[in-house]
2 protein chains.
Amino acid sequence: MPRTGVATGEHAIDLAALARAGALAEVEDAEGLFSQASLNAFMAGGPAIWRACHGRLRELVANGQLPSEALFQLGEVEPLLPFEVADYVDFYSSLEHATNAGRIFRPEADPLPPNWRHLPVGYHGRAGTVVVSGTPIVRPCGQFWRHGQAAPEYLPSERVDIELELGVVIGTPSEHGRPVPVDEALEHVFGLVLLNDWSARDVQGWETVPLGPFLGKSFATSIGAWVTPLEDLMDRRVPGAAQDPVPLDYLRTEPMAFDLELSVSLRSAGMASRGEPPQTIVRTSARNVYWSVEQQIAHLTANGASLRTGDLIGSGTISGPEREQRGSLLELSWNGEEPFELDGERRTYLEDGDEVTLSGELLSDVSGRIVPSH
Amino acid sequence: MPRTGVATGEHAIDLAALARAGALAEVEDAEGLFSQASLNAFMAGGPAIWRACHGRLRELVANGQLPSEALFQLGEVEPLLPFEVADYVDFYSSLEHATNAGRIFRPEADPLPPNWRHLPVGYHGRAGTVVVSGTPIVRPCGQFWRHGQAAPEYLPSERVDIELELGVVIGTPSEHGRPVPVDEALEHVFGLVLLNDWSARDVQGWETVPLGPFLGKSFATSIGAWVTPLEDLMDRRVPGAAQDPVPLDYLRTEPMAFDLELSVSLRSAGMASRGEPPQTIVRTSARNVYWSVEQQIAHLTANGASLRTGDLIGSGTISGPEREQRGSLLELSWNGEEPFELDGERRTYLEDGDEVTLSGELLSDVSGRIVPSH
């Protein structure tokens, strides 16, 4: 039966079992809260209840007081999507990524759009196709116009890509009609996950003018099975990028970033069949963002839009200045023009059978394998 | 206590009370299904259960067998959002609207983007800010760049607009990874509502490149309190627009439209205080769409994206070729350059205190009044 849990080291702690054993008396109706298939009810409770639970768990672990019926090997449990996604918003907040994408897609223009340094550019994605790490990714079909063809066609995408992102998970909702002040934004954050914003670049390229990305993104977005509580990440907060021009008042704050190393590994079907380990193809840091989480939340609600428990906010692809720091294959292969090497082969976009894993310090891995179109 | 109901003429039928009275024996667990604050559980049941319930209600009404405890005056009930919105997608499927918007925003270019006649252009909107008719609309603040200013500012929007749309409500979900064939698309549709896709044109204009509309739309979207079952609209289906070029196979079908007259009325605070009636400013027809509902659903799922119960699919603004048929103030006032007359005043975008009502044959009204920014 699905229930909520906490991953710690090699173990998963079954919170419902812990509550039944009477070990979570600090949390009101703990058994009801945790005997559910998602974290949403707990997430809606707010920071006080999160901290109470967190403190109690630390204590139980430290004192070796976890009852055996609440303890499982991580490998034994089948992870589900950790929360029901309310709205999914994806930002575009890495300066290097936005610059690279601009150079690739609009080589004749200024790589950054005129609004980029004034506001965190973002858009809504599809909440219903957010899936948990490990879910196979069916190569999407879509409409696109191949070079040299007389008309667009409907075909399996030939440019399936990844995007390495941080995902912010909203716990406490906000009131519709009332913007969230930038200095209060973090109070709404339950935790962070890694997020792979799978993309079909050929579909995206053809559909995107004038209303933005749609089916090139909506086939799947993978997130980690375990949400890292914000509380566990606060000592990794470091000053973020200098912002020029100074943002408008509603966005003005000391921009902070998370000092977390991130990486992407790739293993082809051939490598897997030969028992070879995945190869790391991207090494970057969550510091490589221009707009902070607080600024993203303040902007997202600046028009009075409300936050709901379960809102998922992607950072946008996190790329750094070096080639190895590029968080998408679009950038790593410069849209296919500069193949990278994988196990002796020249590679650009994803092949069927490829398994991609995003990893990050203190964050749960996000894996997905490309399976052929039906 | 919230529960689900049916509007018929001057009355609301309380389905939970009807179930308790044993009058809905055709529907399994009717009392559980209808003693809820939303239609989602019923909508998830699928066409067979919708038809059974529909048939039974017709019979009860025709035979005068409605128990008095299940019957309310419509004016007595407080309508809630009729269903929990899963994902909200907004299309751009009226040729006249897309052409007008192109002429206004990109006067130097072909008004239609190159992809427009090949696929139904659309994007995801914010599901969490869909509100029921009657909800006041707070004038959104946002970042935009006023003509002649040295930098963008954060201000109450000066160009709050409406968009007259049909909204399709998805009942039966589809499987992730499996596109819905165009000829099966209608089986997923529970019913239709009118939809006002409120827009802040100044915010939208500044933010929209390169990822599409975001905060210019996400402050609120209003829908009718009562969903009209698709079954009640099938005899209004008529052949739609001729499509040239012929769409790709996955979109190929006889495109149908709904023959429903639609209108928009506006009443200013001054008119209301003088007891004057609203003035009709738009008269158009739901026939004025190029891409059909079936084609929109087939496209939306063409990459394997799944449908969920509660998905809301907007048609895009429905404009016709005549000035009076333009479904937004952007078009009606040609972005403010050609004011229209309201009660003797020259008007362009919405003023505080304005009350807008969308009406349509067989569809429930959608009203909203603009209240000042906080």
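How much area is buried between domain 1 of chain A and domain 2 of chain A? The area buried there is about 1100 Å², and carbon and sulfur atoms give 70% of it, where buried area is the accessible area (1.4 Å probe) that two parts lose on being put together, summed over both. In domain 1 of chain A, the residues that lose the most area to domain 2 of chain A are A:Met43, A:Trp50 and A:His54, together 47% of what that side buries.

This is a predicted model, in which local features need pLDDT of at least 70 and side-chain atom pairs count only at pLDDT 80 or more, whereas totals for chains, interfaces and linings use all residues. Residues are numbered from 1 along each chain as its sequence is written, chains are lettered from A and ligands numbered from 1 in the order in which they are written, and side-chain values use heavy atoms, with hydrogens and water left out.

Chain A is divided into domain 1 (5-76) and domain 2 (88-371), with bounds that come from an automatic or database domain assignment. Contact, meaning heavy atoms within 4.5 Å, links 16 residues of domain 1 of chain A with 15 residues of domain 2 of chain A.

Two side-chain pairs are set out below.

| Pair | Interaction | Distance |
|---|---|---|
| A:Arg58 and A:Asp232 | salt bridge | 3.1 Å, N to O |
| A:Arg347 and A:Asp354 | polar contact | 2.2 Å |

A salt bridge is a side-chain nitrogen of Lys or Arg within 4 Å of a carboxyl oxygen of Asp or Glu; a polar contact is a pair of N or O atoms within 3.5 Å, where within protein one must be able to donate a hydrogen and the other to accept it, and residues adjacent in sequence count only if both atoms are side-chain atoms.

A:Arg347 is buried, with a relative accessible area of 3%, buried being under 20% (1.4 Å probe, protein chains only).

Key
Buried < 20%, exposed > 50% of the residue type's maximum accessible area, 1.4 Å probe, protein only.
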